[in-house]
Amino acid sequence: MASLDLLNSSGQAVQNYGDVSRETLERLQIFVDLVLKWQPAQNLIAPSTIPDIWTRHVVDSLQTQWSYPEARTWVDIGSGAGFPGVVTAILLADVPDAHVHMIESNQRKAAFLRTALRETGSRGTVHAGRIESVAKGWKDGPVDAVSARALAALNLLFELSEPFTAEGARAVFHKGQDFQREVNEASARWQFDMIEKTSLVDPMSRMLLFSNISARPE
């Protein structure tokens with residue numbers, strides 16, 4: 001387990017934004033340590049963000065599960081380094097019926113994600129393949145919510161997540177300061193209900209929560 005000093009430091013970073021248990025902090029610390037250990041070989045996150053990993057990546061990712069706290073089955077598309085997929089799984093680690101599916105086409109990153117789930121004692125499944133292929137052939141049951149962070153424009157995110165949202169799943173996507181342009185462009189092709197929340201870690205960014213997503217009739 002992480003040292004008390006590390007937990008105090010990371011815990012303060014997290015507790016500034018929301019309340020989590022000590023067990024969750026311990027799992028988050030294990031995950032951060034793994035990211036830093038694998039970083040030289042995998043380049044999991046931008047090197048410039050390493051000093052601020054707790055705020056820029058961990059806290060930012062905590063907002064995903066906090067957006068839909070009642071959701072139990074998640075699909076995180078383009079999971080990369082596990083922000084937010086692994087973080088969501090950590091937050092739900094003690095919820096008996098919770099499960100996080102992570103879709104990642106890069107085999108080495110998929111291996112990292114499996115290691116992160118195992119080492120943090122979190123429940124999840126890593127699907128190593130292209131998002132389109134995995135989603136189209138989905139046989140793992142109903143999905144409550146879909147997430148993505150720093151993956152693609154909103155139009156493409158709606159397209160990639162359609163196999164899940166068409167069945168009633170909601171979606172939460174992290175977006176930067178150009179979010180309104182993406183929303184306007186997506187509105188030409190898609191119908192949806194949206195809740196806009198200012199990011200806890202960047203006042204120029206948004207957490208966009210979507211429900212009732214459907215393609216507009218041609």
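## The largest pocket

By class, the lining of the largest pocket in this predicted model is made up of 11 nonpolar, eight polar and four charged residues. The pocket itself holds about 390 Å³ of space, and of the 23 residues that line it, G78, S79, G80, A150 and L151 are the closest to its centre. Three elements, the strand β2 (99-104) and the helices α6 (131-136) and α7 (154-165), each supply at least two residues of this lining.

Buried residues of α7 include L154, L157, L160 and S161, together with F158, F164 and T165. In an α-helix there are 3.6 residues a turn, so residues three or four places apart point the same way.

## The second largest pocket

The second largest pocket contains about 170 Å³ of space, and its lining includes D60, R149, A150, H174, K175 and G176. Also found in that lining are S199, V201, D202, S205, R206 and M207. Sorted by class, the lining residues of the second largest pocket are three nonpolar, four polar and five charged. The strands β5 (170-175) and β7 (206-215) each contribute at least two residues to the lining of this pocket.

## The nonpolar cores

Which residues have the most contacts inside the largest nonpolar core? They are V14, L28 and F31, in a core of 40 residues. The elements that give two or more residues to this core are the helices α1, α2, α3 (53-67), α4 (85-91) and α5 (107-120), along with the strands β2 and β7. The largest share, six residues, comes from α2.

When residues up to four places away in sequence are not counted, L28 touches V14, W54, V58, L62, V87 and I90. Apart from this core lies another one, of 27 residues, and among them are V75, I77, L154 and W190. As a general background, nonpolar side chains in soluble globular proteins tend to be buried together.

Is N16 buried or exposed? This residue lies in the loop between α1 (4-15) and α2 (22-42), and N16 counts as exposed because its relative accessibility, 54%, is over the cut-off of 50%. Although N16 and T55 are 39 residues apart along the chain, their C-alpha atoms are separated by 9.9 Å.

Most residues other than glycine have a negative phi, and most peptide bonds are trans. The peptide bond from F83 to P84, however, is cis, with omega near 20°, and P84 has its place in the loop between β1 (73-77) and α4. N43, which is not a glycine, has a positive phi of about 50°, and N43 is located in the loop between α2 and α3. With a relative accessibility of 48%, N43 counts as partly exposed, because exposed residues are those over 50% and buried ones those under 20%.

A positive phi, near 50°, also belongs to N212, a residue other than glycine.

Key. Residues are numbered from 1 along each chain as its sequence is written. This is a predicted model: local features need pLDDT of at least 70, side-chain atom pairs count only at pLDDT 80 or more; totals for chains, interfaces and linings use all residues. Side-chain values use heavy atoms; hydrogens and water are left out. On a 1 Å grid over the protein atoms alone, a cavity is a set of points where a 1.4 Å probe fits but cannot get out, and a pocket is an open set with protein on both sides within 12 Å along at least five of seven lines; lining residues have an atom within 4 Å of a point. Grid points are joined across faces, edges and corners, and a volume is the space filled by probe spheres set on the points. Helices (H or I, at least four residues) and strands (E, at least two) are DSSP runs, numbered from the N terminus. Ala, Val, Leu, Ile, Met, Phe, Trp, Tyr, Cys and Pro count as nonpolar, Asp, Glu, Lys and Arg as charged, and the others, Gly among them, as polar. Buried means under 20% relative accessible area, exposed over 50%, partly exposed in between (1.4 Å probe, protein chains only). A nonpolar core is a set of buried Ala, Val, Leu, Ile, Met, Phe, Trp, Tyr and Cys residues joined through side-chain atoms within 4.5 Å. Contact means heavy atoms within 4.5 Å.
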